[in-house]
Structure formats: structure tokens, C-alpha cells
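These are my notebook entries on one protein chain. I set down each question as I looked it up, followed by what I found.

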Amino acid sequence: MEEGRISYVRRFVRSLPALLIALGAAYDYATPLDFTGAPFLTAAPLVAAPLYSLRGTILTGAAAVLVLLVLRVLRGGLSKAEAVTELVTVVVVSVLAVLVNLLVRRGQERLASVREIAEAAQRAVLPEPDERIGGFQIAARYEAAQEGASIGGDLYAVQDTPHGVRLIVGDVRGKGMGAVGAVAVVIGAFREAAEQEATLEAVAQRLERALARERTRREGIEAREGFTTVVLAELPHGDAVVRLVNRGHPAPLLLYADGTVRPLPATEPALPLGMGELGIWPDRADEAGFPGGATLLLYTDGLSEARDAGGRFYDPEEGLAGRTEALCEPGALLSVLSVEVRRHSGGGMADDMALIAVRRP
């Protein structure tokens, strides 16, 4: 329903130049000579400039000039100074509309180039994982809060290692290029540590040290208060379990084939990465059964903190409970979540979200 309403509004807006020309012609023809429809005809090319192509803008301006010229000839007013002034005004405004159109098109081309660069950066930093890794079905998705934005502070990575399939989902505090730089540091450190470290606890400590080094290169409040919440997961080869280390991140969900949804909170809450100077607590991995047909969902708070018009948060546990049809394939599950969270928030999310779904066949 909402998409249909938006489509109707877009069609109406694009028809405005033609409507203005028609309205100007009807008004000018139906009223005495002292009244004129020139303002409507003058507005038509200006409205067309940001909406139409260069050719469409030129044609709109030419149509406005032609209609006014015909009206003045039919009504015998072409010899009057006011008629000449009106014609010159419409011609000048039409030329200005063409210039505006050229500027708008140039800005759009630059924006498209920036988006292409951002998308390339996203693919480099957050590449799509293979659909099958280590015998598991995998799907990942990054949803930007703002339309057209491509990358921010949320992150994910999946890697098959000698110790099992290891995953990370996280959220860097802050926005902009500083957050993107921290994302690159965390993912780079994770990929190296996931291969080399025998335990998830050791992986978490490697990430802590990497972020500590990265913070020395940052300035201002990000250097003093920067941190990253992450959840690390390990799926050992041959064992139907999942091991988790949670550093201040939303708890993953385990979705069983019968529609049951079980949250997997940390047994002992821990501080996010990058806050090690506030205290040292040893990381402890939690372990839970991960049977065949079950799906593990890891996500950032862009999902769980999406609000509706009444300020109520979206609850993925409640939304997915009993939904066996949504758990058949990880990609379908993430598509369902993406649609439902945007519907819940009225189409406008407050924060980006990263999602990973892993299914044991």
C-alpha cells in the first residue's frame, strides 16, 4: 500500500510540467486580456529541470514558449509590450531551466561515482561469504539505515579454519571514515587470528590488542571513547555445538526447525573491545548445542533497536518464533528480517544493521 502511494505521488510530480502548461493555457484563454497564464507557463520548465532529462527540459521550455505565442496570436495581443515581455520571460526562464538541468545531472553523476566507490569499498571490506562454508549454509546481509549509503560501522566476517568455521559480527562506535577504518582493522585482525589462535578467547584478545593499536591513530572523542561490540562464534568440525564469546553485543539467536527460538546470552557479561583499560576480565566461551536443521542468527543492534511510531523496539525473538517456513534457508531468513524490520520502523531505520545466518544441514 505504501509503495503504491509513493508511486502515485511520483507520477503526479512528473506530470506537473504538462499540467502547468495546460492550466496556464486554459486560464489565459478563459479569462479577459488583462489576465495572463504566463506565470504557469514560466514555472513549467523550472519544475521540469530537476525531474526530466536534458531533452525533456528543452521540450518543456519550447512547449511553454509555443503555447504562449499561439495564445497571443489568437487573442491579438502580440503587438503589446506586455506580451513581448511575457514571451522574453518564458524564453529566459527556459534557458535557465536547461542550465539547472545540466547542473543537476552533473551532481547526480558525481553522486553515482561516489556511490560506486563506496560500494567497491564495501565489497572489499565486507565481501559476501560463500553460500556454503565448512558444510554449513551461510548468508550475510548489510542494510544501511539511509538510502544510498553503503558502508558504516557494522561488520561481519566468516572464515573456515582448522579449528572450525569462525564468525564475527560487530558494531564500531561512531560513524564516518573513522568507523570504517576501525571495521577494516577488526576484520583484518579477525581473519589472521581465526587461523592462528586455538581458542575463541585468544581470538578476542588479539582483536583487543589490534583495536588498542588502532586507537592511538585516532583523534578526539573517538580516541578516548571508541569501542567495538562483537560476538565471536565457532562451529567445530564434526561437533554439533556452537561456541560464543560475547563482548557487549546483542545475544545471538538459535532457531530450531520446529520454530522454537532460543537466545544465547553470555553467561558472564563482558566489556566491548577497546575498553580494556577499564578492567581486565578473562574471556570465557559459552557452548550450546547446534543440532541439524537449526539456524544461528547473529545481528547488530540496528535490528533489535529499530523502533515503530510508538517507540517500541523490534523483537527478533518474538518476530521469528513459530516461523518454521522462514528457517528453511539462511538467505530467505535474512530477507524476511529485512522486510519486517523496515515495516516495523515505517521504512526509516535509525541505525545500520549487519546480519549473518548459519544453518546446519
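This is a predicted model: local features need pLDDT of at least 70, side-chain atom pairs count only at pLDDT 80 or more; totals for chains, interfaces and linings use all residues.

**Entry 1: strand pairing.** How many bridges join strand 3 to strand 4? I found eight bridges between strand 3 (residues 154-161) and strand 4, and the two run antiparallel. A hairpin of two residues connects strand 3 to strand 4. As one example of the pairing, I looked up Leu-155 and found that its bridge partner in strand 4 is Gly-170.

I then turned to the pairing of strand 4 with strand 5 (residues 228-235). Eight bridges join strand 4 to strand 5, again in an antiparallel arrangement. Here I recorded Arg-166, whose bridge partner in strand 5 is Glu-234.

**Entry 2: burial of strand 4.** Is strand 4 largely enclosed or open? I found that nine of the nine residues of strand 4 (residues 164-172) are buried, so the strand is largely enclosed by the rest of the structure.

**Entry 3: aromatic pairs.** I counted two aromatic pairs. Tyr-27 is partly exposed at 32% relative accessibility, and Phe-40 is partly exposed at 27%.

For Phe-136 and Phe-290, the ring centres are 6.3 Å apart and the planes are at 5°; this pair is stacked because planes under 30 degrees apart count as such. Phe-136 lies in strand 2 (residues 136-143) and Phe-290 in the loop between strand 9 (286-289) and strand 10 (295-299), 154 residues apart. Phe-136 is buried, with a relative accessible area of 4%, and Phe-290 is buried at 0%.

**Entry 4: nonpolar cores.** Which residues touch the most other members of the largest nonpolar core? Of its 49 residues, I listed Ile-168, Leu-232, Leu-235, Val-242, Leu-296 and Ile-356. Helix 6 (residues 176-196) gives the most to this core, with eight residues.

Leaving aside neighbours within four places in sequence, its contacts include Phe-136 and Phe-290, the two residues of the stacked pair. Among its other contacts are Gly-164, Val-165 and Leu-167, which fall within strand 4 (residues 164-172). I also noted a second, separate core of 17 residues, which includes Leu-253, Leu-255, Ala-306 and Leu-337.

Methods:
Residues are numbered from 1 along each chain as its sequence is written. Side-chain values use heavy atoms; hydrogens and water are left out. Buried means under 20% relative accessible area, exposed over 50%, partly exposed in between (1.4 Å probe, protein chains only). Helices (H or I, at least four residues) and strands (E, at least two) are DSSP runs, numbered from the N terminus. Two strands pair if DSSP finds at least two bridges between them. Rings of Phe, Tyr and Trp (its six-membered ring) pair if their centres lie within 6.5 Å; planes under 30 degrees apart count as stacked, over 60 as edge-to-face and the rest as tilted. A nonpolar core is a set of buried Ala, Val, Leu, Ile, Met, Phe, Trp, Tyr and Cys residues joined through side-chain atoms within 4.5 Å. Contact means heavy atoms within 4.5 Å.
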